[in-house]
Structures are given as structure tokens and as C-alpha cells.
Amino acid sequence: MAPLLKEQVDVEWMPDPHQAMEMAKSHPNESRSTAIDSTITRPGAVRINVQGAFIVDDGATTPQPIEDAGAVHDSRDIRLPHHTAVVSHVAVDIGGSLAKLVYFSREPASKELGGRLNFLKFETDNVEQCLEFIKRLKTKQQTLNGSKPGELCVMATGGGAYKYYDRMKEVLGVEVLREDEMECLIIGLDFFITEIPNEVFTYSDIDPMHFAEARADVYPYLLVNIGSGVSMIKVSGPKQYQRIGGTSLGGGTLWGLLSLLTGARTFDEMLAMAEKGDNAAVDMLVGDIYGTDYGKIGLKSSTIASSFGKVFKMKRQAESDAEDGGGLVNGDRAQVDGIVGGEHSFGPEDMSRSLLYAISNNIGQIAYLQSEKHDLEHIYFGGSFIRGHRQTMNTLSYAIKFWSKGEKKAYFLRHEGYLGAVGAFLKRQPRNWGRRNSFEELIS
């Protein structure tokens, strides 16, 4: 584990990193004691001890000492068994569709040291519920982690950190610090890549979750963050990043179109419908055109030639048959619920799967092209669009593998939707607090 360094907060000067490390090594007990006894009163005063950190099994019970107030709890908490210092801040990443919250809590009714990072999300339309939850956290701070209610600080990122800044100050009555969204995404991803075992993985039908080894030499890489829209960020080192592209066709597109095409109300309902669907009912495949594979250019018969390519002719035929029979006319329920009956039919589940494939394939191909243009080998996919959904991950993985001819892989994370929130949480840390010095380099 890297030495824990004492940071001076209200000055610009920073000690020489090599000299500081030698000082920490020569006084290990003092350094450790300082880290354990630290409490937050100003940004940068707390050290999170990540030694022995691990992800709690999905089946384990997540401690919920506070009423959920509309929150969706992620059961994959991160256990920090050796962290004993007080933590009196929470972090929230408010995007266009979801607000993601991260906070630290002690183990309830346990004599064990340490605690855990808790992960929750709210729909941004219900941001008031998120603020009420944080307000409850404020009153429960002593029970959760030993700090005082008045010491709570909110680290906020995402567009909502600016849109709802005044409202957060009004409702919570605490300090709210706004952090840059892109920087928080990078800090959060670096943390997961280098510090948390069994976090990063690749996906395939044969090996659905193959965990990647933690790497100290993580740079450079491409982060594809899929939220309401999509941002693609080239990361060359700590604080060295550039948004090199993206697309407006992201999670918000899927959510919006499927809310028009199906009766699903939530994003999770839409993903569940996609699980049951058959995209071949609405997509025009290579096999529909050639009757077989197009082997000369490497296209299987199941390859999608045109998303929703069959719908127009099927819908037109169904309407014609209905009109002949005095029934269905243009504009009736067939437009919303699909076409049922006859030789060919499709339903909302099929449309859900088709649109999911269309958006995922588009993102995957653009990500590959950006990685080629900027000579980036490692491609990480994050954002709440993914949600551990196997069809989404399989599509993105296949796209990267297909276009790169197997030379590149798509990497996913078990906490893919919380990169920004975790990054904002860690912004209240001193430099070089991690085991592998992966976040920021001390500068003299």
C-alpha cells in the first residue's frame, strides 16, 4: 500500500513527492495514526483506506438505516474493512435521466472496523426525493459514520450540480461543492480499475464475466460513457483527458422512443421487454436479403442489415388486410403495440430488442473508430445505460471484436453507472491516497 501522506490544505506549495514518501516511511506509526484520526472539516482532510477493499456479494443484505424515499439501492456495496476515519461528505452525480448517490456508512450493529460505500439512484425527475434522502443522511451522520450533522458536505457533479445548485443549498443547508463532470468520470474509473478487485470485466456468451487483472499502467485508454447521451473521452494520464467525440443516440434515445412505442414506463421495464423480444421480427437481416450468409465479406445471415427494416411492409400489409375486413385503420393500436396475426407479426418486446441493438451497435462502432483514430487499445464502457444488461454488453463486445478483427476488447464495470459520483466522492481526498498512486501525481 502506498504511504499515506499528510496534505497541507490552504497553501499552493506541495512537498517534493520523493521527500514526502521517505518521511512517511521513516514515521509509519505517526503516518498511520494521522490517517486514522482524521476528520473532515475542509476538503482534502480525510484519507480513505482502501486496503482489503472488496465488493459485497449481490445476495448480501445492504444495510439501509435510512428510509429509501424512492431510492433504488444497488446491492453491490464496496466494503472498506480497514477504514476507521470519519467521513462526513456524500457525493451526487445528477444527469439528464438519473441522479446517482454515493455515501459512506459504518457497519450497523457490528463490532468490526471499517464500513462501506453505498450506491443509490433516483430518476432525475424525482430529484426532490434524492434531496430528501440526503437530508435524512445529514440527521443520521453520527450513527452512520461518527461525524456531526453540521459537518456534512455534498460533492456534486453532472449537469444537475449546476441546474439544482440553489435548490440543494436551500433544502440541505450545507456546503455544496460542484466538481467538473469529465474529471470526476476519470477519477472514478481510475479508482475502480486500480483499487477494487473483481470490478472490471469482459463479456461474452461463453464467459459472461471474465474479471480483468488490476493494472498500474492504465493509460492511455478510451472511456465511452453512455448516459442520456454518449461521451467518448481519451485519457492519457491523471487529469490529462480530452472529449474526442460522442453521439446523441444514447440511453435517453432508447428510453424516449420505447416510451412511445411500448407501454413500458421505466428503463428497467424496457430492458426486461428486450430480454423477451426477437429483433428478427422487425429487423431486416442479411439472410432476408441473400437467403444465407454473405461469407465473402464476413457477414452472417443473422447480421442486421437494416434496423426496423421489415416494419413498413408488414404494417402496410396488416393495415390493408384490416381495411379490407372493415377493421384496423392507420393510426389504430397496431402503431403502438405492434402487429399481431398473419404470417408475420411483432410486438413491443421485439421493438425493444431491435432498438436496443440499433443504439448499442451504433455506439460500439463509433467507439471502435475513435479508438483507431487515437491509437487506444483499451476501451471502457460506463454509464447507467448498461446496467449489467447482458444483451447490451454482448452487443458492445461483439461490435468491438468484429470491427477490430479480435484485436481489441470492450471492458465493463460492475458499478458502471457510478463513475461520476465516485469521482466526486474522491475529490475530497488528498493526492496520492490510493495503493498504486493512480489518481494524481504530487507536484513540487
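Author: Angles under 35 degrees count as roughly parallel, over 145 as roughly antiparallel, 65 to 115 as roughly perpendicular, and the rest as oblique. Axes are lines fitted to C-alpha atoms, for helices over the stretch in contact, and angles run from 0 to 180 degrees between N-to-C directions. Helices (H or I, at least four residues) and strands (E, at least two) are DSSP runs, numbered from the N terminus.

This is a predicted model: local features need pLDDT of at least 70, side-chain atom pairs count only at pLDDT 80 or more, and totals for chains, interfaces and linings use all residues. Residues are numbered from 1 along each chain as its sequence is written, and side-chain values use heavy atoms, without hydrogens and water.

Now the pair. Helix α8 (residues 251–261) packs with helix α13 (residues 348–373) at about 160°, and their axes lie 10 Å apart. The two are therefore roughly antiparallel to each other. Contact means heavy atoms within 4.5 Å. From α8, the contact residues are Thr 253, Leu 254, Leu 257, Leu 258 and Leu 261. From α13, they are Met 351, Ser 352, Leu 355, Leu 356 and Ile 359.

Next, the sheet. Two strands pair if DSSP finds at least two bridges between them. Seven strands form an open, mixed sheet, in the order β1-β2-β5-β4-β3-β6-β7. β1 (54–55) and β7 (175–178) are at the edges with a single partner strand each, so one side of each has no neighbour in the sheet. Helix α3 (residues 127–139) packs on this sheet and touches β3 (89–94), β4 (98–106), β5 and β6 (153–157). The direction of α3 makes about 10° with that of β4. Inside the sheet, β2 (residues 72–80) and β5 (residues 115–123) pair in the antiparallel sense over six bridges.
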